[in-house]
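Please look over the points below with the model open.

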Amino acid sequence: MSIAMLTESLAPADCRVLQESTDGGKTLWLSGCFMQAGLKNRNNRTYPLSEMTRAVTSANAMIAENGGIWGELDHPATLAITSKNISHAITELRMDGSNVYGRAKIVPTPMGNIARTLIESGIRIGVSSRGAGNVNESGEVSDFNFVTVDI
């Protein structure tokens, strides 16, 4: 087995858009199910609950240390997060059974502004996790190294 880049997508229906108003304007948030364990996904891969729990624990340490995890608009074919493509910051991830629920703030970058415009125009967007790990013959993922969730 070799380590491979892993990407998994969830349908737009799994994501909610929340808006908060402040004196400085509107803050747009995405909220909903960001990842799932124990289910064969569209890429015929299954993430065991233990792998997903470990990934969320690691991600929460990054969120606590850095105030969030950057994510990109679109889904690049690389593990590195490119600053010019940043559209949001993941501020919360939590396990609820086999689902990972998250919350991400749309940030005022060029890509964040595109995401905001799409959302405000009624386009339903989805999320997609990005990471690396091993996949065995039956499609089960091990050694999952979570990087981010993109939109």
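1. Buried here means under 20% relative accessible area. The model is predicted. Six of the eight residues in strand S6 (residues 99-106) are buried, so the rest of the structure largely encloses this strand.

2. Which strand pairs with S6? Strand S5 (residues 86-96) does, running antiparallel to S6 and joined to it by eight bridges. Across the pairing, arginine 94 of S5 faces tyrosine 101 in S6. The two strands make a hairpin with two residues between them. Glycine 97 sits in that turn and has a positive phi of about 65 degrees.

3. The aromatic count comes to one pair. The partners are tyrosine 47 and phenylalanine 144, with ring centres 4.9 Å apart. Their planes meet at 70 degrees, and over 60 counts as edge-to-face, so the pair falls in that class. Tyrosine 47 lies in the loop between strand S3 (25-36) and helix H1 (49-66), while phenylalanine 144 belongs to strand S8 (residues 141-150), so the pair ties together parts 97 residues apart in sequence. Both residues, tyrosine 47 and phenylalanine 144, are buried.

4. Arginine 103 places its charged end over the ring of tryptophan 29, 3.8 Å from the ring centre.

5. Is arginine 45 buried or exposed? Its relative accessibility is 15%, so arginine 45 counts as buried. Arginine 45 is in the loop between S3 and H1. Its C-alpha is 5.7 Å from that of glutamate 140, although the two residues are 95 apart in sequence.

Terms used
Residues are numbered from 1 along each chain as its sequence is written. This is a predicted model: local features need pLDDT of at least 70, side-chain atom pairs count only at pLDDT 80 or more; totals for chains, interfaces and linings use all residues. Side-chain values use heavy atoms; hydrogens and water are left out. Buried means under 20% relative accessible area, exposed over 50%, partly exposed in between (1.4 Å probe, protein chains only). Helices (H or I, at least four residues) and strands (E, at least two) are DSSP runs, numbered from the N terminus. Two strands pair if DSSP finds at least two bridges between them. Rings of Phe, Tyr and Trp (its six-membered ring) pair if their centres lie within 6.5 Å; planes under 30 degrees apart count as stacked, over 60 as edge-to-face and the rest as tilted. A charge sits over a ring if NZ of Lys or CZ of Arg is within 6 Å of the ring centre and within 35 degrees of the ring normal.
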